[in-house]
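Please read the numbered points alongside the sequence and the coordinates.

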Amino acid sequence: MIAKFVLLFCLVLTAAAADPTPPQRFSRSVAGAGPDQALLAVKLDSAVYAASAADFRDLRLIDQDGVETPYLLQKIAEQKTVVRRVPSTGKIASLNRSGENGIELVATLDKTAANADGLTIVTAQRDYEYLLQIFGSADGKTWQPLADNARIFDYSRYARIGNNAIELPANAYRQFKIVVAQASQTQSSGLTELTRTLQNGTEQQRSESVALRSEPLHIDRIEFWQNVTDTVADEAQRFDYPVAFKIVQDAELKASLIEIDSKRQPLTGFSVQSYTPNFSRRAEVQVSDSQGLESRTRTLGQADLQALHFQGFDRDQTEIEFAEQRREHYRIVIYNDDNPPLHINTVTGSGPGYRLLFLAQAGRSYQLLYGADKAEAPRYDVAPIQELLRRGYRSSDAELGEEVALAQPEPEFDWAELVNSRWFLGLAIAAVALVLAWSLFKIGKRIGDFD
């Protein structure tokens, strides 16, 4: 009965600890919104990293009326331009012979089709090579040359090499004439005729001839296409983040312990610079994780730190990489074995940077709120922002103003912190142990009475 009461009490405390609307602790104005609608990018800085939740779930962008504004959180990356081919529908309108062994084919674009930046000759043939001339026309009467001696080929007999796409110069023509002067080619049939001359059972002469056949170009269809330019994110940029550190020598472990304090920047590695000219040491990056009453050390990453400088030969390997983290404390362990400790001069953190992209409305001002670790992650409609990025729209940089501490409500007793504290868990375990001991004592006493 007592155990049930203790369990019920813990559940009540946990339920009372739920706070659906945790307050934000900081506010920053967003400078950059103007009189016109714009796609703005707000780069997060060290102050935001230091006070925001580990997964940025507490970031809120509000306008002057306190209305939440959807944003897209993304890593800062270089932009690159990619070109993709979009089909432009058309059809073959006519086909005529030209000269002794040529063909002349006319293809037209559909009325609603986009202009053609190129075309592809689709054929099921293999092992071929043809030269084409391509002309364009707006009325089907006057033809202007677009490509001369354009080559399509397939060398699959030798390797998987081929090309049947032809780029065209910029044009607005709706009709295209494709001329193939030699529309057939001579190929081996694969059969060899062997002739032998015998005299008195002895071969006097032998001749071999290979049967040849003429294979015409067979065009299944012509596919037109237009080049569409998209701007997409390239690899994420990597930024250097300063960190504070101190070095302790562990004689028993024979290692140098570098205790690092960061400002919860998004880190994916550390660079350890040393004045020691030549060395090779195993190193690990470790963090401490707490689970209930226990605290355990976990290794994030490891590497061999190396330096070799001799007669003009220089090599340095100073990086220790790991999966992205946002923590306040790290430890680098450099195993020296029986070697003297390294003379460490600098330790630098590195990792990605983040920014918020949002659509700023004309004449509106905005603020960034953050600093509520227990906030629920927002679910915003970011499809319009992603579509603008896909179409190559460039964002404008917006700056964050000074950090302002927001007025906080009167502090209430944090039941959740109490329930999850080591003291409470220890007392709960002790209480359960006492209840069990008392129960066993009572049971033993009753058994003794029966005896």
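1. The model is predicted: local features need pLDDT of at least 70, side-chain atom pairs count only at pLDDT 80 or more, and totals for chains, interfaces and linings use all residues. Residues are numbered from 1 along each chain as its sequence is written, and side-chain values use heavy atoms, with hydrogens and water left out.

2. The largest nonpolar core holds 46 residues, of which Phe270 and Ile332 touch the most other members. A nonpolar core is here a set of buried Ala, Val, Leu, Ile, Met, Phe, Trp, Tyr and Cys residues joined through side-chain atoms within 4.5 Å. Buried means under 20% relative accessible area, exposed over 50%, and partly exposed in between (1.4 Å probe, protein chains only). A second, separate core has 26 residues, including Ile103, Leu105, Ala147 and Ile166.

3. Phe270 counts as buried because its relative accessibility is 0%. Beyond its neighbours within four places in sequence, Phe270 has contacts (heavy atoms within 4.5 Å) with residues including Val243, Ile260, Val285, Ile320 and Val347.

4. Thr268 is found in strand β20, residues 267–274. Strands (E, at least two residues) and helices (H or I, at least four) are DSSP runs numbered from the N terminus. Thr268 is buried because its relative accessible area is 18%. Apart from neighbours within four places in sequence, the contacts of Thr268 include Arg238, Glu321, Ser350 and Pro352.

5. The structure holds 12 aromatic pairs. Rings of Phe, Tyr and Trp (its six-membered ring) pair if their centres lie within 6.5 Å; planes under 30 degrees apart count as stacked, over 60 as edge-to-face and the rest as tilted. Phe56 and Tyr354 form a tilted pair, 5.0 Å centre to centre with 50 degrees between the planes. This pair links distant parts of the chain, 298 residues apart: Phe56 is in the loop between α2 (46–51) and β3 (60–63), and Tyr354 in strand β27 (residues 354–360). Phe56 is buried at 5%, and Tyr354 is buried at 10%.

6. How are the rings of Phe270 and Tyr330 arranged, stacked or edge-to-face? The pair is edge-to-face because the planes stand at 75 degrees, with the centres 5.2 Å apart. Phe270 lies in strand β20 and Tyr330 in strand β25 (residues 329–335), so the pair ties together parts that are 60 residues apart in sequence.

7. Arg326 lies over the face of Phe56, at 4.3 Å from the ring centre. A charge sits over a ring if NZ of Lys or CZ of Arg is within 6 Å of the ring centre and within 35 degrees of the ring normal.
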